[in-house]
Amino acid sequence: MPQTRRPAHRCLFLCLTVSMAALLSACGGGGGSNSGASTTTTTTTTTTAPATVTTTTPTTTVTTLVTTVASVFETAEYRRQAALAMVGASTAWATGASGQGIVVAVNDGQVDTSVSELAGQIASGGYNWIGDSTPDTHATHLAGTIAAAHDGTGMEGIAWSASILPLTTFDTNNYSETRDPYDGIIYAANVGADIVNNSWGSSPTDTTPAALTSAVRYATDRGTVVVFSTGNAGADQPNATVMVPLYDTLTKAMVVAVTAVGTDGTLASYANACGKAAAWCLAAPGTSILATDAGGGYITMTGTSMAAALVSGGLAVVMSRFPELTHAQVVSRLLTTATDTGIYADSALYGQGLMNLAAATKPIGTLVAASVGSTVATDGTAATTSAALSSNAVMGDALVQALSGTSAALFDSYDGATFTADMGAMVVGQKGSAVADLAFSDFGRGHFSDVTGVPGLRLTMGLRQGEVGAEAALTSTGVTSTSTVATLRFAFDESTIAFAGLHAGFAEVSPSLDSLPIEAGLALTEGAFTPGALGLADNGAVVGIDSRLGEGSHLSLAVMNGTGEAGAYGAGDVGTGATAVQAALRQDIGDRLTVEAALAYVAEDGRMLGASGQGLLSIGGAETAQVSIGATYAFDDKVALYARYDRAVTSARDTGAFIADAGGITSDSWTVGLLGRDAFAAGDHWGFSAHQPLRASSGRITLDRPLGRTEDGTVYGDKVTLDLNGDGREIDWEAFYALPLDEQSLLGFNLLYVVDPGNIASADDEVLGMVRYRRRF
């Protein structure tokens, strides 16, 4: 059987002591030599493994991905191999991928498996076709370039957790039976190797052998990626061995040709360019590559052989990073993410560009959320699906604390590659109270005198500019609308009053607060006088009736529907589309004390306690049941002590696919205040209050958490239950004084101190002092 010569890409360093004639014979087409190929024909007998034999799959160890920062890997061992930095290896390793679980077959000479850098890196199932077990420097160097140990000594391979499958198809003189390297490719596929590295070839002018094409097709059909070096003749076309996909297009997705760049990043003078193989060709460093030597120690070698080994190792890294991807998808990913700008845009030289492992292990396109049990598109057609929660002042820091540290899988839109995201980052809009906006919440309202004339009727009207905050009030920007504010009361008789309001707060409308010596709009924290969860439906429409049942007893019924933008929770941006119903019973005890108990039901649309979700974390709505108790003690007709406590339980409904259950969420609020009038002048008002806005204090949320996907795109995951226990607790301390200047105008002074604004423990406390002038028309 005729023999074929392996182009020995080690030649610049191993053949320096032989004559030039010998160099051309042994090393033509390889190494750093620019010589063409030569062929020697002879007859010999060899021991060859049957091409279709299936042996035990090489033993590998799969480890769990543990992410860190790239700088951790940039040690002296790393820096000894400049090629690693040129292809972004440390960034890829920082994702937790270093080739674990991947088998790379080195189809070459005899790998010296006894060198310490390869200890534990050799897979079982290797085979020797030539009957010569003399360790070969070229093959050992390739193995070390791919998988030398990450042990702090010497150098390290680009895929230091991968396993090497030694396939000996060349002797130390660079000769092989014609079929031996082809049988090595077939054998690698039969034993389940993920990648087979072939740092050998013919010349650019040769014809691609049909037997090689057949062997490559056999391997690629079985999922083995075949890597070839382009050769070292300095030609503008690669070796004929690289051109298999030109003759069998079905192999194209699983074949990678590799040319070499020098230490300056440009195409090496010795390297054959990608040429007609550009569509499946990559560039990688091939000059002055330090790696293991046969017999121990290290040696520096140059050639496209070394570049091919780096790409084989790079494929192993990407495969270990994305075990859910097919090998064809990994090849596509490595080609797509190669650096192809600047000089690397010349595909005739560099093919798809310089290998870039940092880019290959990052998302391509956008990240897509997918629910457990669904199927992720793996062909670039994935539709963008969001997953986000918008927190608010009621939830405070509870949501972000519950979700932080809980990982979930997202998938890129290119091929469905899996990435891990901290679910805490899916919480958006978490912020403290906009205290300045709260101060200006009444800015822009026109106050009109009561309209009377109908017995038993009192109607108050005004205008309020929409979306006016501190900035808008001071700059006259942000005014988007004007709404009519109206309150109405009609007394059927001395015991029954009907009341209604439009764009007005509950505290402005309800007769239950009539006994307090205060007028609406004097305090900044008017939410202090709105029972807890009712604030979710405040500032819309309210209708109700208040009736005396007997001596000192009153029953009040109210129905509300609103946006909840009253500033009742400090942040002033909580909830939309909520409906609330409350029944309250008040009882006078003696002349000074009045106690109250109330039951309320709140139904939200699209939100839960004012927090909303998007996409797979969407919230269809929520239902809240609340009980409130309160008391007012009148020291006299001018000074009263007011206290109220509200406790609510909330359950979400119609949640997105990520949320399996969100129920039993407990929240509470309370207010204590001392209020008075006529202290320094007739008609003046003053008050001191402490108020905790509605705060989610406990509860659980159960998630159907995606953890990854299978090769066919099916998403798998688990259920995780998280406690909603935020650390923040907002307390609003306020003092106010209002002095009437005449019958139509009033001068007000307010001092507000807010602890943990928005129920966020990390938020800075805020202090606000304000002087206001109000005039009625």
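Helices (H or I, at least four residues) and strands (E, at least two) are DSSP runs, numbered from the N terminus. The model is predicted.

Q: In which strand does asparagine 107 lie?
A: Strands are numbered from the N terminus. The run that covers residues 103-108 includes asparagine 107, and this run is strand E2.

Q: Is asparagine 107 buried or exposed?
A: Buried means under 20% relative accessible area. Asparagine 107 has 0% relative accessibility, so this residue counts as buried.

Q: With which side chain does the side chain of asparagine 107 make a polar contact?
A: Beyond four places in sequence, asparagine 107 touches several residues, among them Leu167, Phe170, Val196, Asn197, Asn198 and Trp200. The polar contact, at 2.9 Å, is with the side chain of asparagine 198.

Q: What is the mean pLDDT of the protein chain?
A: Of the residues in the chain, 81% reach 70 or more. Over residues 1-64 the pLDDT is below 50, although this stretch has 164 contacts beyond near neighbours in sequence. Where pLDDT is low, the predicted coordinates should not be read in detail. For the protein chain the mean pLDDT is 84.

Q: How many contacts beyond four places in sequence does the model have for residues 444-449?
A: Over residues 444-449 the pLDDT stays under 50. For this stretch the model has contacts beyond four places in sequence, and their number is 25.

Q: Which kind of aromatic pair do tryptophan 93 and tryptophan 160 form?
A: The count of aromatic pairs comes to 17. For tryptophan 93 and tryptophan 160 the centres are 5.7 Å apart and the angle between the planes is 75°. Planes over 60 degrees apart count as edge-to-face, so the pair of tryptophan 93 and tryptophan 160 is edge-to-face.

Q: How many residues apart are tryptophan 93 and tryptophan 160?
A: Tryptophan 93 is in helix H5, while tryptophan 160 is in the loop between helix H6 and strand E4. The pair links distant parts of the chain, and its members are 67 residues apart.

Q: Are tryptophan 93 and tryptophan 160 buried or exposed?
A: The cut-off for buried is under 20% relative accessible area. Tryptophan 93 has 1% and tryptophan 160 has 16%, so both count as buried.

Q: What is the distance of arginine 222 from the ring centre of tyrosine 218?
A: Arginine 222 lies over the face of tyrosine 218. Its distance from the ring centre is 3.6 Å.

Definitions and conventions:
Residues are numbered from 1 along each chain as its sequence is written. This is a predicted model: local features need pLDDT of at least 70, side-chain atom pairs count only at pLDDT 80 or more; totals for chains, interfaces and linings use all residues. Side-chain values use heavy atoms; hydrogens and water are left out. pLDDT is the predictor's confidence in each residue, from 0 to 100. Contact means heavy atoms within 4.5 Å. Buried means under 20% relative accessible area, exposed over 50%, partly exposed in between (1.4 Å probe, protein chains only). A polar contact is a pair of N or O atoms within 3.5 Å; within protein, one must be able to donate a hydrogen and the other to accept it, and residues adjacent in sequence count only if both atoms are side-chain atoms. Rings of Phe, Tyr and Trp (its six-membered ring) pair if their centres lie within 6.5 Å; planes under 30 degrees apart count as stacked, over 60 as edge-to-face and the rest as tilted. A charge sits over a ring if NZ of Lys or CZ of Arg is within 6 Å of the ring centre and within 35 degrees of the ring normal.
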